Structure formats: structure tokens, C-alpha cells
Amino acid sequence: MAVGHGDSSSSDKKSTDALNDLQTFNAENLQSNMKVIYYSRTFLSIIGGVIAGILGFKGLIGFVFYFLVMAITSAALTAKAKFSIHSYFDTWNRVLLDGFFGGLMSFVLFWTFAYDIVHIF
């Protein structure tokens, strides 16, 4: 009573279909797409840091603002890719997480710089 063990042609067909369904990526295009993500996150981190400094955010509120800016950036990049991430990137993590911590350092630098200029001097 072993169901499905006797039909080896169906398992061969499934394995060849799985191989044909694999997407291949052009390395240059993938690298170009990753540069776009990195530059977008860095630019928006700098702009977000300046805005947070001008608005006078302090402590945890500033970091919450950074996470909000990065969430909006991820949503915008996903919308720019027409919600078809796997056509342009190999994983979702590329869009959601790449450049996140590098952007955080830029955000903190410009946040403190703008805060000092507007509120201290």
C-alpha cells in the first residue's frame, strides 16, 4: 500500500520542472541593483538624520524615526520593483536589510550634527 512509490516517471518530471523553474541572475545587473539600494539607504539616512536633528529628536525617538525612514525606504524600493522582488534580487533580505547598519551610522552622524547646529549654537 505504498502510494506514489511505483511511479518513477512522475518524480523525474518533477525534478526537471524544478530545475527549469530556477531563475538565473545576471551578476552585473544584480550588483547594479544592490548599488541602488545602498545609495538610496545612505542618502535617505543622511536626509533623515538632518530632519531628526532639526526637529530636535532626542534618544529613542530619533532611533524610532530612523527605523520609520528605513521602513518607508524598503516599501518604496519594493514598489519601484513593482512588488516583484525576485525578478531583480535573489532574496527579500537584499531589499529589507542591506545597508541598514551603514545607514544607521550616517543617520547618527548627521542627526547629531544638525541638532548641534540648530539647537546648541
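**Loop, helices and aromatic rings**

The model is a predicted one, with local features needing pLDDT of at least 70 and side-chain atom pairs counting only at pLDDT 80 or more, while totals for chains, interfaces and linings use all residues. Numbering starts from 1 along each chain as its sequence is written, and side-chain values use heavy atoms, with hydrogens and water left out.

Back to the loop. Phe83 has a positive phi, near 60°, though this residue is something other than glycine. Lys82 shows up in the loop between α3 and α4 (92–97) as well, and its phi is also positive, about 55°, again without being a glycine. For context, most residues other than glycine have a negative phi. Lys82 counts as exposed because its relative accessibility is 66%, and Phe83 is exposed too, at 63%. The cut-offs are under 20% relative accessible area for buried, over 50% for exposed, and partly exposed in between (1.4 Å probe, protein chains only).

Zooming out, the chain holds 5 helices and 0 strands, so to speak an α-α-α-α-α run when read from the N terminus. Of the 121 residues in the chain, 25% are buried.

The unreviewed UniProt entry carries the annotation "transmembrane region" for residues 38–57, 63–83 and 95–115. Its positions are given in the numbering used here, with feature names shortened, and such annotations may be inferred rather than shown by experiment. In the model, residues 38–57 are 90% helix and 0% strand, with end C-alpha atoms 25 Å apart. For residues 63–83 the figures are 86% helix and 0% strand, and the end C-alpha atoms lie 27 Å apart.

Next up is how the helices pack. Helix α2 (residues 27–55) crosses α3 at roughly 145°, and their axes come within 10 Å. Axes are lines fitted to C-alpha atoms, for helices over the stretch in contact, and angles between N-to-C directions run from 0 to 180 degrees. The α2/α3 contact involves Ile37, Ser40, Arg41, Leu44, Ser45, Gly48, Ile51 and Ala52 on the α2 side, and Phe65, Tyr66, Val69, Met70, Thr73, Ser74 and Leu77 on the α3 side. Thr73, a residue of helix α3, is buried, because its relative accessible area is 4%. Apart from residues up to four places away in sequence, Thr73 touches Arg41 and Leu44.

Helix α3 (residues 60–80) also packs on α5, at about 130° and with the axes 11 Å apart. That angle makes α3 oblique to α5, a label for whatever is left after roughly parallel (under 35 degrees), roughly antiparallel (over 145) and roughly perpendicular (65 to 115). From α3, the contact takes in Gly62, Phe63, Phe65, Tyr66, Phe67 and Met70; from α5, it takes in Phe100, Gly103, Leu104, Phe107, Val108 and Trp111.

Across the whole structure, a search finds 10 aromatic pairs. Rings of Phe, Tyr and Trp (its six-membered ring) pair if their centres lie within 6.5 Å; planes under 30 degrees apart count as stacked, over 60 as edge-to-face and the rest as tilted. Phe100 and Phe101 make an edge-to-face pair, because their planes stand at 90° with the ring centres 5.3 Å apart. Phe100 is buried at 14% relative accessibility, whereas Phe101 is exposed at 59%. One aromatic cluster is formed by Phe57, Phe63, Phe65, Tyr66, Phe67, Phe100, Phe101, Phe107 and Trp111.

Two further residues of α5 are worth a look. Gly102, placed in helix α5, is partly exposed at 39% relative accessibility; the C-alpha atoms of Gly102 and Thr42 are 7.4 Å apart, although 60 residues separate them along the chain. Tyr115 also belongs to helix α5 (residues 100–120). Its C-alpha atom is 8.2 Å from that of Phe57, a residue 58 positions away along the chain. Leaving out neighbours within four places in sequence, Tyr115 is in contact with Gly53, Gly56, Phe57, Lys58 and Ile120.

Notes:
Helices (H or I, at least four residues) and strands (E, at least two) are DSSP runs, numbered from the N terminus. Contact means heavy atoms within 4.5 Å.
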